[in-house]
Amino acid sequence: MGQGTSVTEPLLKVRGLGKHFASAGQTVNVLSGLELTLAPGESLALMGRSGSGKSTLLNILCGLEQPDAGFVSIAGEHFAADSSASGPNQQRWAMLRRQRIGVVFQEANLMPALSLLDNVRLRARLAGQSDQHCGDWLKRLGIGELTQRYPDQVSGGQRQRAALAMVFAMRPSLILADEPTGSLDVRTALEVADELFHQQAASGCALILATHDSALAARCGQRLDLAQMGA
Amino acid sequence: MFLFSASQFSNLFSVLFSHYRRHPLQLLALALMIMLATMLWTGVNHLTTQARASLGQSEQAAAARSQLERVDGQALTVADFVTLRRAGLCVTPWLEVERPGQGGRLVGVDPLAAGCFAQTAPAAGNNSPERIDSPESSKKPEPAWTPVLNGDPFIDISEAAELAQNVAPSNVSLSLLIVPPEPASALPADYRMTGFSLGPDTGELGDSFLLNLDALGFLVLLITALLLRSVYQLGMAQRRDSFALLQRFGVMPSAINRVLLVEILLLALLSVVPGVWLGRLLAGTVSGGFGQALDSLFDTPLYAGQSENWLTSIATMMAIVLVVCLAQNVQALLLRTAAVLSFALPAKLLTGFGVRPWPWLALPLAAIGLAVALLAQSLPLVFFAVALVFAATGIAAPFAIAALSATLARKTREPLACWRHTELGVMARRLALPLVALQFALAMVLAVQALVTVFEVTFDEWLGQRLAADYFIEVPAGASANAAAQWLAAQPELAQSGDWHQVVRGVAQLPAAANDPAMADPKMDNPKMADSKMAGSKTDRKAQSVDLFALGPVSPLLTMWSLQAAGDQPWQGFAAGEGVMVNEQLARRYPLAVGDTLVLTLANTRLERPVLAIYADYGRPAGEVLINLELLPDEFVPVFESFSISPGASDITMITDGLQRLWQVESVRVRDNKRIRELADAVFDQTFLLTRAMTFVTLVLAAVALLIMGWVFFSTRAWYFRLLQVWGLTKRQVLAQLGWLALTLTLSITLLALPLGVWLTWVLVHRINPLAFGWSLPMAIYPGFWLQLGVVSVLIGLSITLLMRSQLGGSSPKPVSAASLRGDER
């Protein structure tokens, strides 16, 4: 079980988190008694084999799934498992996702009918940020010349850079990245990871990165191996 | 299959078919679509084929034959048949019975008597005293009449007699056909011969009616074909990744195509057969009403056993399903053939010169279609124009929505609104086929609804005019109508109210234009043939017969008629004998306008009078002249005479008793107009209900198709709605976005369907109806219908939203295909 060791006020605090699924008539515990603390600027690598609960944990940490036990505290908002699914809590989760939590998936992070720039603008505006610097974010991530292209007109690596630009344009407190380089070739994956860590460090936000890549995980300050949790 | 063993083929088939195991609703939608399309088309086609065959049957069976009537007006019985046979005359009974339950008429004949008839039939037509034939037609040998007693529609008269016992007397009619004897005096004095006809020669009218039905059937087929293709194409789009994977595993594309062919063949066969059965069932259910409508409106009986067989319907629909679903394969095959034969141009044509999907083509197509619809003088051309305009709007509508969305997306500063607009554009393009089908169905419903309502209102008014008198009293053969008129005029009640007039019907001749060499054409002596030649300008006008309608005195029952066009005080002029009135059919075909001088020949008397007014005369093809009774020369021979009477406070029996005494007959035939009106209303209601039901089913089908397509399409976009949730929108907010999109899309297509529907109404009322039937209807627009259609489209949009709601509630969102991972769904 990983433990946060921050000296500043924690951004994320997870206590006794549990989640189970019913499968073929049996209950499968995916997460059980998980404890986790993460401060701003820190990074955590989530490791574990497929089905170990990495994506489930990320979904719980952004309120898209409800835990069965424990509680989550994030950016001063507290959510207990028994009340997490309630309407007001869903509203609070939505506000957190909109303004404080950026999520990057392995693929398909962009709206296909919008250009890269419009995607970034949409995400920034939803977060309540100005869309004036969206083009700059695309430039910083090395795809400044592709602002008017559509997602299907650029490569997979460029799409992931655009996804990172979207996340950073919203100025998040926490980034949840679910195998963001998993579908990219080694070189592109490295470039995208470089950008991710660079911008994360520069912005001072926290990062939780789910990955199978040990090298990538090694670049994070902390590491949590879900496979060892005996799920 | 060559290159493939049976087990390999079977494996490949099960792999490909597994798509439908994952998407059973798609399979169900496809099967339902094929079945419903087959049902609708088979239903309409079954009725049309039956009607067309019945028309042919009428012409063949009744061609140039004569029938007998009793001079005393009594109904014919078996005793009459026996009497006539004993007199050595060739007589054959013809017993028509409405087929119980299934609709359509059966004809009972006596094979023995028919045999005698067949041997002597060739002479029959020429000797018929009631029929005036051209020299050409009299030279033609009469086809031998050898009815096959298989129920199509002939059966043995004993069976017909049995059936007749179980149906209402009004659905049974007995005629005695006769070969006119030589000499004519051989006919017993109690009988007289009249021409035997199963109804008046409907000529163009019948053909036009059937053409309209064909057009409705074609439109239904087009709409269902569009829907079928859209559902199939969507499935294919979802399976593209599987095909690519199989090809990577070494499966040849041709093998995949073969399996797909077998798959759709099986599915089509399984769906088409019940579809044909349902279609025939539908036709059987409505054929009662349809037959009644055909009989009442067009005097054409609907006979049993005239429809196409099962195999023809199944083969036709199978071919349509295969072509619609495998259009791309057919195109590829044609392209390959063109390449092999080095035909560069056909290949280019087949691919549309590489330009897709030709939005620019919509404008010239629409312009040509509108111009042709406005100017064309033949029905097929007008239908062609309608097809052009429909094609143009079908091409333009999705692009118009997409273009408008793109413009709005560019102009908006709100990124979420920008996304909504662009997403709407994607939907308009991706759902183009079901959208266009819905647009066509909406336009059709709008037009048919407006037309039917106009029909109902207009026919109601017209019936009110024509049946203004409470009773019709027929003048018996040999009785004096003039003496009766004098007697009626002397009745105090009638003299005070004036609510009666005498009616005389007959035939008048309109001369040819002076420079017309066809004036001497003997064909022109035949009223029916002449009438069909009436179209054209004054300069190529030919001699013709028209129906004559003489009335007098001019009663309040007449002056309430609403006239289509009239000069000043037309009824005063008419009462004074200063002019005549013509029906719309004659005015259109001759052509005539108010103030034109009409020259008529009545018996041998020439009458020249100005046209005072043009009156509406719905539901029949013939031209008609209305004149004051006083203008009729003494030598004029009426075909029919009657009196229209509203007795007011008096009892009609007092009048009929008086007339019986005057005419010295045992009874007079009195028709109660209220009852006729009720019957006519019932027939119209049934006819209109049929048309409405057919269009409504088409609309429901289109709506359901859009619903299914919308649902399936949104399923492929569910990931992006979940992205919005990930980006901080609540589920309710995401649902609102979804609702906005679905409602905007369905309302947009409804808005685009409105002008098309109004235009189609105009074409039906002002172009097709006058060309087909010779009379027009007033054009009316019913915004209430628009509102109803708006409500329907809102319901469709809301249904899509509600269906999608469950998908948004799913747990972990995953892109559904490689294409969506790449973002190819723009």
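Me: What share of the contacts in chain B with a separation of 6 or more comes from residues 24 or more positions apart?
Reply: That share is 83%, where a contact means heavy atoms within 4.5 Å. This is a predicted model, so local features need pLDDT of at least 70 and side-chain atom pairs count only at pLDDT 80 or more, while totals for chains, interfaces and linings use all residues. Residues are numbered from 1 along each chain as its sequence is written, chains are lettered from A and ligands numbered from 1 in the order in which they are written, and side-chain values use heavy atoms, with hydrogens and water left out.

Me: Thanks! How many helices and strands are in chain B?
Reply: Chain B has 27 helices and 16 strands. These are DSSP runs numbered from the N terminus: helices are H or I with at least four residues, strands are E with at least two.

Me: And what percentage of its residues is buried?
Reply: Of the 826 residues in chain B, 50% are buried. Buried means under 20% relative accessible area, exposed over 50%, and partly exposed in between (1.4 Å probe, protein chains only).

Me: Switching to the interface: how much area do chain B and chain A bury between them?
Reply: About 2,700 Å², with 65% of it on carbon and sulfur atoms. Buried area here is the accessible area (1.4 Å probe) that two parts lose on being put together, summed over both. Chain B gives 30 residues to the contact and chain A gives 30 residues.

Me: How many salt bridges are there between the two?
Reply: The count between chain B and chain A is 1, taking a side-chain nitrogen of Lys or Arg within 4 Å of a carboxyl oxygen of Asp or Glu. Arg125(A) and Glu414(B) form a salt bridge, at 3.5 Å from N to O.

Me: What about helix 3 of chain A, enclosed or open?
Reply: Helix 3 (residues 116-126) is largely enclosed by the rest of the structure, because 10 of its 11 residues are buried. Among them are Asp118(A), Arg121(A) and Arg123(A). Helix 3 is followed by Gly128(A), with a positive phi near 85°.

Me: How many salt bridges over all chains, then?
Reply: The whole structure has 14. In one of them, Glu263(B) meets Arg239(B), with the closest N and O atoms 3.0 Å apart. That pair links helix 9 (residues 253-298) to helix 8 (residues 203-248) of chain B, 24 residues apart. Both Glu263(B) and Arg239(B) are buried.

Me: Buried or exposed for Arg606(B)?
Reply: Arg606(B) counts as exposed, at 56% relative accessibility. Its salt-bridge partner is Glu608(B), at 3.4 Å from N to O, and Glu608(B) is partly exposed with a relative accessible area of 45%.

Me: Let's do rings. How many aromatic pairs over all chains?
Reply: The count is 12, for Phe, Tyr and Trp (its six-membered ring) with centres within 6.5 Å; planes under 30 degrees apart are stacked, over 60 edge-to-face, and the rest tilted. Phe79(A) and Trp93(A) are stacked, 4.0 Å centre to centre with 15° between the planes.

Me: Where do those two sit?
Reply: Phe79(A) is in strand 5 (residues 77-80) and Trp93(A) in helix 2 (residues 87-99) of chain A, 14 residues apart. Phe79(A) is buried at 3% relative accessibility, and Trp93(A) is buried at 1%.
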